[in-house]
Amino acid sequence: MKTAIINGKILTSDRELQGYALVFEGGKICGIVPAEEINTADFSVIDAQGGYVGAGWIELHSHGIAGVDFMDADPEANLRAMEAYAEHGVTGVFPTTLSAPFPEIRRALDALAHTDFSSCKGAELLGIHLEGPYFSREQRGAQPLDALSTPQDLEYVELIKEYPFIRRIDTAPELLGSAHMAQYLREKGIICGIAHTDADATVITQAEEGLYPIATHLYSGMSGVHRVDGFRRAGAVEGCLLRDDIYCEAICDGIHLPPELLKLVYKVKGADKMILVSDSVRGADLPEETGFVMGNKETGTRAIASDGVAWLPDRSAFAGSVATFDRLVRTAVTQADIPLVDAVKMSSLTPARAMGLSDKGALAEGYDADITVFDENINIMLTIVGGKIVYSKKEL
């Protein structure tokens with residue numbers, strides 16, 4: 001029997017529809033039809049109770065949530081994390097690793113490979129994102145200095161062979177070997193992101209089209225306008241903004257990027273190229289003033305969740321985000337004045353396109369029935385993955 005979501009405000013990629021119902025069956029969207037065409041005797045009905053119905057949110061960049069970090073290499077914890085993501089509207093995740101010695105990275109990947117995600121009532125695993133260790137020393141942020149390397153080590157070649165679910169590897173493009181790695185990844189259908197880079201804009205603007213499709217958390221861990229011998233030079237931030245073909249992640253917690261910068265990225269990139277990400281660590285969804293370790297529990301960096309963000313203990317720098325995804329959308333709308341339709345698009349269709357997911361991110365016929373239902377304050381009411389309810393705030 002087909003399922004119809006009724007009494008909701010349906011958000012497509014470009015408009016809000018009222019007086020319509022969303023229909024899906026067997027894990028796939030069938031279409032959007034006028035509400036009067038729904039005979040409740042012929043459908044399994046979900047009443048959205050006036051809430052918004054949008055395509056499921058996709059988290060491209062997250063290290064953990066609710067006390068879990070993917071570097072812990074714990075299959076049971078991985079499942080708990082996926083359930084926590086779903087509570088905040090996320091239907092698909094690219095778990096993200098940190099810069100670390102390669103044996104630690106392999107342990108995390110092994111644990112993800114041996115996690116039975118089919119038994120999980122939560123978000124779907126969409127692939128793995130390696131954030132590091134190929135980064136600039138100057139722009140490493142909270143990434144550990146002693147773990148950094150360059151793509152000349154060719155370790156990524158072996159990682160891809162061992163773990164075919166790797167879908168993205170980040171690098172600082174100015175490092176020796178980065179361009180070769182990016183070309184190799186492209187041939188394998190894997191995304192190469194620009195991250196933690198001290199490059200001038202020319203390194204990015206002169207790169208071959210499509211070599212670096214995504215800018216990782218724009219502004220964070222990136223060079224900007226600076227002086228060399230008295231002359232101003234544009235940095236990596238400006239290079240990424242200038243390139244029309246580069247998708248730009250934005251940590252939309254209102255702290256990593258204040259509203260003015262969120263507005264600027266949106267103005268330059270628009271909803272087709274700006275992507276909301278959390279870059280969350282295990283402190284996300286934990287109480288304020290909670291201390292925790294960023295990365296592996298045994299070897300990671302100590303941090304504290306305070307004032308809506310993660311800090312190093314001396315508060316000298318941020319140590320990742322503690323934002324959940326619903327907060328990202330809420331911040332985009334209430335602080336950056338981004339229309340809700342666009343905020344949802346930047347959380348669903350745009351990240352899907354950036355990662356080459358042709359069947360996700362839209363409420364259109366043939367797409368996966370990944371759906372997020374939320375109220376006017378962007379509190380999650382219902383999360384559906386592949387046509388199955390994985391989270392419900394209350395009986396709908």
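**Backbone exceptions and overall build of the predicted model**

P133 sits in the loop that runs between β13 (128–130) and α3 (155–162), with helices (H or I, at least four residues) and strands (E, at least two) taken as DSSP runs numbered from the N terminus. A cis peptide bond, with omega of about 20°, links G132 to P133. The model is predicted, so local features need pLDDT of at least 70 and side-chain atom pairs count only at pLDDT 80 or more, while totals for chains, interfaces and linings use all residues. Residues are numbered from 1 along each chain as its sequence is written, and side-chain values use heavy atoms, leaving out hydrogens and water.

Most residues other than glycine have a negative phi, and most peptide bonds are trans. D229, in the loop between β17 (226–228) and β18 (231–233), has a positive phi near 55°. This residue is exposed, at 73% relative accessible area (buried means under 20%, exposed over 50%, partly exposed in between; 1.4 Å probe, protein chains only). R315 also has a positive phi, near 60°; R315 lies between β23 (309–311) and α8 (325–334), in a loop, and is partly exposed at 36% relative accessibility.

Turning to the whole chain, the protein has 10 helices and 26 strands. Its radius of gyration is 20 Å, close to the 21 Å that the globule rule gives for 396 residues, so the protein is as compact as a globular protein of that length; the radius is taken over C-alpha atoms, and the rule is 2.2 Å times the number of residues to the power 0.38. Of the 396 residues, 59% count as buried.
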